Amino acid sequence: MESSLEFSSSLGSISSLISRCRTFKVLVIGDSGVGKTCLTHRLCAGEFLSKVEATIGVDFRERVLEVEGEKIKLQLWDTAGQERFRKSMVQQYYRNVHAVLFVYDVTCPASFRGLTAWVEECRQNSLGHEIPRFLIGNKSDLRDASKADRQVSQELALSFAKFHSMVFFETSAKNSLHKIAKGRHSTRETAYQRDEVEDIVSAVGAALKRHKKPSTVTSLTYSGSFKILNRRRPEKDPWTCC
Ligand SMILES: Nc1nc2c(ncn2[C@@H]2O[C@H](COP(=O)(O)OP(=O)(O)OP(=O)(O)O)[C@@H](O)[C@H]2O)c(=O)[nH]1
C-alpha cells in the first residue's frame, strides 16, 4: 500500500513537472559550413561532433535547463545553410519562433557578410523585433593573430550586433574554454575560464524566461537530438571559405 502511494505521488510530481515545463523554439541560421550542427550538438550534448554532414531540411536538438527555479526546454532548429536543402522548408522554420541564433564563422568574412541576407530573410518572414536575437561568431579556436586581416574582428561583429539589437558571443563548438595564463613561464600553469557555450545557453534561457507567449510542453522532457528527415545525405561539399 505504502509503495503504491509512493508510486502515485512520484507520478504526480512527474506530471506537475511536465505541465510546468515550457518549450521554446530557437531557430539557428547562417551560411553553410559555419558550424550550426556542431554548435547545436555542443549546446545540447556537451561535446564536439567530429563527423558531420550537410543538414537537409532541419535537425532538431533539445536542451532542458533551469532558469530561476523554472525548468524550460529549448528546442533548437538546426537549419540547412545550403539553399537547395532549405528552400521548401523556410516557412516552417519561421513559424512560432521564440528566439534566433545567427551564426557565422570568425575565419570566414563571407559568412559574416552573409548575415545581412539572413536578417532580411527574418524580416521577409515577419519575425518581430521583440524576438530575442543572438549573434554567434563560431570557430574561435581557429583565430590566428597573423591572419587578423582575413578574419572577422570582434569590434566589427559587436557593432553589427548593436545595430541589429542582438546579443553577441564569440565561441567555438570545438573548444570553447578560454585559456588564462596564470604564470609567465610555465605552460602547465594554464587555467581555464567557464565554458562560453554554457553562457550562450544561459543567456538564451534568461531571455526566453521573460518571454510573454511560451507554449506549454505536453510530452516528457528530453535532452538529446532527433531528425525530421531520414533521407540519405549527399557528401558534404568541401568548405570553400576564404
Ligand atoms: N575548428 C572548428 N571547426 C568547426 C567548429 N564548428 C564546426 N566546425 C567544422 O566546420 C565544418 C562545418 O560544420 P557544420 O556544423 O556541419 O556546419 P553547418 O553550418 O551546420 O553546415 P550546413 O549543415 O551545411 O548548414 C565541419 O567540418 C566541422 O567539423 C569549430 O568551432 N571549430
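Colleague: Which residue in β3 does glutamate 62 stand opposite?

Modeller: Glutamate 62 faces glutamine 75 in β3. Keep in mind that this is a predicted model, where local features need pLDDT of at least 70, side-chain atom pairs count only at pLDDT 80 or more, and totals for chains, interfaces and linings use all residues. Residues are numbered from 1 along each chain as its sequence is written.

Colleague: What makes β2 and β3 a pair?

Modeller: Strands (DSSP runs of E, at least two residues, numbered from the N terminus) pair if DSSP finds at least two bridges between them. Strand β2 (residues 58-67) and strand β3 (residues 70-79) have 10 bridges, in the antiparallel sense, so they meet that definition. Their hairpin has two residues between the strands, and glutamate 68 takes a positive phi near 45° there.

Colleague: Why is threonine 79 called buried?

Modeller: Threonine 79, which sits in strand β3, has 24 other C-beta atoms within 10 Å. A residue counts as buried at 20 or more, exposed at 12 or fewer, and partly exposed in between, with C-beta atoms placed from the backbone. Threonine 79 is therefore buried.

Colleague: Which residues does threonine 79 touch, not counting residues up to four places away in sequence?

Modeller: Contact requires C-beta atoms, placed from the backbone, within 7 Å. Threonine 79 touches Leu27, Val28, Ile29, Thr55, Val58, Arg86 and Tyr93.

Terms used:
Helix = DSSP H or I, 4+ residues; strand = E, 2+ residues; numbered from the N terminus. Contact = placed C-beta atoms within 7 Å.
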